[in-house]
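Colleague: I have not worked with this structure before. Could you take me through it, one topic at a time?

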Amino acid sequence: VKNSGAEMAAPCHPTARFHRVHGANVRLDASRTRATRVESFANGLCFSQEPLAPGQIFLVEIEEKELGWCGHLRVGLTAHDPQSLEVVPEYSLPDLVNLGDTWVFAITRSHNRVAADGEEARAPARAQGLLWEPELLIGQVRIPRDKLVGRSRPGRYSHILDELYRTNVLPPTARRSRIGVLYAPRPDGTADMHIVINGEDMGPSARRLPAARPLYAVVDVFASTKSVRVIQVEYGFPSLQTLCRLVIQKHVVHRLAIDGLDLPPPLKDFCQHE
């Protein structure tokens, strides 16, 4: 029996990190999970260390911004092994894309939702209440949503309980916004590239990618985006603790109301804090 995309996404993947090959203006930290552009606004290309598995998301968080430049983070996939590049291109768009077998998506301040062929653009997932579901479903791929959503106030209260956060989701280009890229297999043997912004699937931004070839994530730390950090995503079923938190959060008017609930202190703390 063939494995579904969800089953292929379930195994533990190696720690996600950036490739040693990168743009001339990029500096990586010792763990190769943080990439910073130290000069100018270009030459900020980075790649995943390993090709992505079907349904595996490569997720980064914007850590630093730099004022004075036009343009933002760019993400995508490439079938080029970074090690095989004679010179790392200055830009992902158009330089790397012009090499062929590369698909890159520019992140903008407004949502980058892509309508499927012949379909009207759907309402944002947050308007449908879907951002509070424990998993993001893309085709047959299921990804735990907890790590996908950027936190406006990390280390304080759960972002899900913050009514201000509910109505004002972090803009895609803001600090702490989380952007991910993955490819979802299709029945014909090809794949669609999906961009995920703060837990919301933007739709298939590129179609019919050669899924049989190794596909590396592309992250272009471009212009006003100065530094990004790789976020590790653990696949699997949501824990009972996480499911309890989701049920409690759906029925609580304000995050501080949790203090008055007849719940074990550790569960209260888990519901209120990151």
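Modeller: Let me begin with a term: a polar contact is a pair of N or O atoms within 3.5 Å; within protein, one must be able to donate a hydrogen and the other to accept it. Please also keep in mind that this is a predicted model.

Colleague: Then which backbone oxygen lies 3.2 Å from a polar atom of the side chain of Arg145?

Modeller: That oxygen belongs to Glu135.

Colleague: Where is Arg145 found, and is it buried or exposed?

Modeller: Arg145 sits in the loop between strand S8 (141-144) and helix H4 (163-167). Its relative accessibility is 6%, so Arg145 counts as buried, the limit being under 20%.

Colleague: How many residues apart in sequence are Arg145 and Tyr235?

Modeller: They are 90 residues apart in sequence, and their C-alpha atoms are 9.9 Å apart in space.

Colleague: Let us turn to Arg37. In which strand is its place?

Modeller: Arg37 belongs to strand S2, which covers residues 34-37. Its relative accessibility is 0%, so Arg37 counts as buried.

Colleague: Which residue's backbone oxygen lies 3.0 Å from a polar atom of the side chain of Arg37?

Modeller: It is the backbone oxygen of Ser40.

Colleague: And which residues is Arg37 in contact with, leaving aside its neighbours within four places in sequence?

Modeller: The contacts include Asn25, Ala42, Gly44, Glu66 and Trp69, and also Val221, Phe222 and Ala223.

Colleague: Now the aromatic residues. How many aromatic pairs does a search of the whole structure find?

Modeller: The search finds 5 aromatic pairs. One of them joins Phe41 and Tyr91, with 6.3 Å centre to centre and 35° between the planes, a tilted arrangement.

Colleague: Where in the chain are Phe41 and Tyr91?

Modeller: Phe41 is in the loop between S2 and S3, while Tyr91 is in the loop between S5 and helix H2 (92-98). The pair links distant parts of the chain, 50 residues apart. Phe41 is partly exposed, with a relative accessible area of 28%.

Colleague: What kind of aromatic pair do Tyr91 and Phe222 form?

Modeller: Tyr91 and Phe222 form an edge-to-face pair, with 6.1 Å centre to centre and 75° between the planes. Phe222 lies in the loop between S12 and strand S13 (225-231) and Tyr91 in the loop between S5 and H2, so this pair ties together parts that are 131 residues apart in sequence. Phe222 itself is buried, with a relative accessible area of 7%.

Colleague: Which residues do the ring pairs link into a cluster?

Modeller: The cluster is made of Phe41, Trp69, Tyr91 and Phe222.

Colleague: Next, the sheets. What order does the open sheet of 4 strands have?

Modeller: The order is S3-S12-S5-S6, and the pairing is antiparallel. Strands S3 (45-47) and S6 (102-106) stand at the edges with a single partner strand each, so one side of each is left without a neighbour in the sheet. On average, neighbouring strands of this sheet are turned by 20° against each other, direction ignored.

Colleague: Over how many bridges do S5 and S12 pair?

Modeller: Strand S5 (residues 74-78) and strand S12 (residues 216-220) pair over 5 bridges in the antiparallel sense. In S12, Val218 is the bridge partner of Gly76.

Colleague: And S10: how many of its residues are buried?

Modeller: In strand S10 (residues 191-197), 7 of its 7 residues are buried. In a regular strand the side chains alternate between the two faces of the sheet. Here both faces are covered, with Ala191, Met193, Ile195 and Ile197 on one side and Asp192, His194 and Val196 on the other.

Colleague: Which strands does S10 pair with?

Modeller: Strand S9 (residues 178-185) is joined to S10 by 7 bridges and runs antiparallel; in this pairing Gly180 stands opposite Val196. S10 also pairs with strand S11 (residues 200-209) in the antiparallel sense over 5 bridges, where Met193 stands opposite Ala206.

Colleague: What about the turns of those hairpins?

Modeller: The hairpin of S9 and S10 has 5 residues between the strands, and Gly189 in the turn has a positive phi of about 95°. The hairpin of S10 and S11 has 2 residues between the strands, and Asn198 takes a positive phi near 50°.

Colleague: Finally, how many disulfides are found in the whole structure?

Modeller: The search finds 0 disulfides. As for the cysteines, Cys46 counts as buried at 1% relative accessibility, whereas Cys70 counts as exposed at 74%.

Technical notes: Residues numbered from 1 in each chain as written. Predicted model: local features only at pLDDT ≥ 70, side-chain atom pairs only at ≥ 80, totals over all residues. Heavy atoms only, no water. Disulfide = S-S within 2.5 Å. Buried < 20%, exposed > 50% of the residue type's maximum accessible area, 1.4 Å probe, protein only. Contact = heavy atoms within 4.5 Å. Pairing = 2+ DSSP bridges. Axes fitted to C-alpha atoms, helices over the stretch in contact; angles between N-to-C directions. Phe/Tyr/Trp six-rings, centres within 6.5 Å; stacked < 30°, edge-to-face > 60°.
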